[in-house]
Amino acid sequence: LLVLGSLGVYGTAFGRAFCGWACPFGAFQDVLSIFKKRKPKLQPFTYSKFAIFFLVLVLAWITLDTFFCKFCPAGSLFAAVPAPIFHPSLRLGTFFYVHIVTLVMTIFAVLLITRFWCRYLCPLAPIGIFNKVSVITVSLDSTKCIDCGKCLGVCPMELDKLVDIGLSSDCIMCGKCVDACDLNALKIQSRKLT
């Protein structure tokens, strides 16, 4: 309940901005995307991240453990991989190798699909449902917009509709669309209360 409440408070304030501005695994995927060849956009499987979120909660309830952390590729990259380097005497168990396998599989998927982990599997991704009400948002000034599509062309989450910017649960409010807009039609700002 504490975790859900904390996510709710954070989500109401910032929506999914953490994913675009502070998540180290998201940054890692952005670096990998440099090596990705452009492919046709895939339709987002919006509900997969919600299924993972509920699966994580159920597994935590049943196992009384943060079971998902034993497979999470972010944990693989930032904990499992550095552990033997900084602690050479550490005995490596089964879950170390599970971490390595999940990390390699995720890297492969990210090279095919930009921000694959963020889009489909991250259990924190459902915080994006708060994008519609969060204090921080990306707003569009339709009087300046000429529908050139530059903003959507640079979107790491491959949004395909202008109305989704700042509102879709897939939008990470990274600001790349704002930088790409030559007409200043997009802004990251606090939501106007009406």
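Helix axes here are lines fitted to C-alpha atoms over the stretch in contact, and the angle between two of them runs from 0 to 180 degrees between N-to-C directions. On that basis, helix α3 (residues 24–32) and helix α7 (residues 94–112) pack at an angle of about 55 degrees, with axes 9 Å apart. The model is a predicted one.

**Packing of α3 and α7**

- Angles from 65 to 115 degrees count as roughly perpendicular and those under 35 as roughly parallel; at about 55 degrees, α3 and α7 are therefore oblique to each other.
- On the α3 side, the contact is made by Phe25, Phe28, Gln29 and Leu32.
- On the α7 side, the contact is made by Leu103, Thr106, Ile107, Val110 and Leu111.

**Helix α4**

- Helix α4 spans residues 48–63, which is 16 residues.
- From its first C-alpha to its last, α4 reaches 22 Å, close to the 22 Å expected at 1.5 Å a residue.
- The buried residues in α4 include Lys49, Phe50, Ile52, Phe53 and Val56.
- An α-helix has 3.6 residues a turn, so residues three or four places apart point the same way.
- Phe54, Trp61 and Ile62 are exposed, and they sit on the face of α4 turned away from its buried side.
- Leu64 follows α4 and has a positive phi, near 55 degrees.

**Ser76 in α5**

- Ser76 belongs to helix α5, which covers residues 73–80.
- The relative accessible area of Ser76 is 0%, so Ser76 is buried.
- Leaving aside residues up to four places away in sequence, Ser76 touches Phe71, Val81, Pro82, His99, Thr102 and Leu103.
- One of these, Leu103, is also among the α7 residues that make the contact with α3.
- Between Ser76 and Phe95 there are 9.6 Å in space, C-alpha to C-alpha, and the two are 19 residues apart in sequence.

**Phe96 in α7**

- Phe96 is a residue of helix α7.
- Phe96 has a relative accessibility of 16% and therefore counts as buried, since the cut-off is under 20%.
- Its contacts, not counting residues up to four places away in sequence, are with Ala80 and Pro84.
- Phe96 and Tyr10 are 86 residues apart in sequence and 32 Å apart in space, C-alpha to C-alpha.

- Arg115 lies in the loop between α7 and α8, the latter being residues 116–121.
- With a relative accessible area of 2%, Arg115 is buried.
- Arg115 touches Cys19, Gly26, Ala27, Gln29, Asp30, Val110, Pro156, Met157 and Ile172, not counting residues up to four places away in sequence.
- Among these partners, Gln29 of α3 and Val110 of α7 also take part in the contact between those two helices.
- The phi of Arg115 is positive, near 50 degrees, in a residue other than glycine.
- Met173 lies in the loop between α9 (150–153) and α10 (176–180).
- Met173 is buried, with a relative accessible area of 2%.
- Met173 has a positive phi near 50 degrees and is a residue other than glycine.
- Most residues other than glycine have a negative phi.

How values were computed. Residues are numbered from 1 along each chain as its sequence is written. This is a predicted model: local features need pLDDT of at least 70, side-chain atom pairs count only at pLDDT 80 or more; totals for chains, interfaces and linings use all residues. Side-chain values use heavy atoms; hydrogens and water are left out. Helices (H or I, at least four residues) and strands (E, at least two) are DSSP runs, numbered from the N terminus. The expected span of a helix is 1.5 Å times one less than its number of residues. Buried means under 20% relative accessible area, exposed over 50%, partly exposed in between (1.4 Å probe, protein chains only). Angles under 35 degrees count as roughly parallel, over 145 as roughly antiparallel, 65 to 115 as roughly perpendicular and the rest as oblique. Contact means heavy atoms within 4.5 Å.
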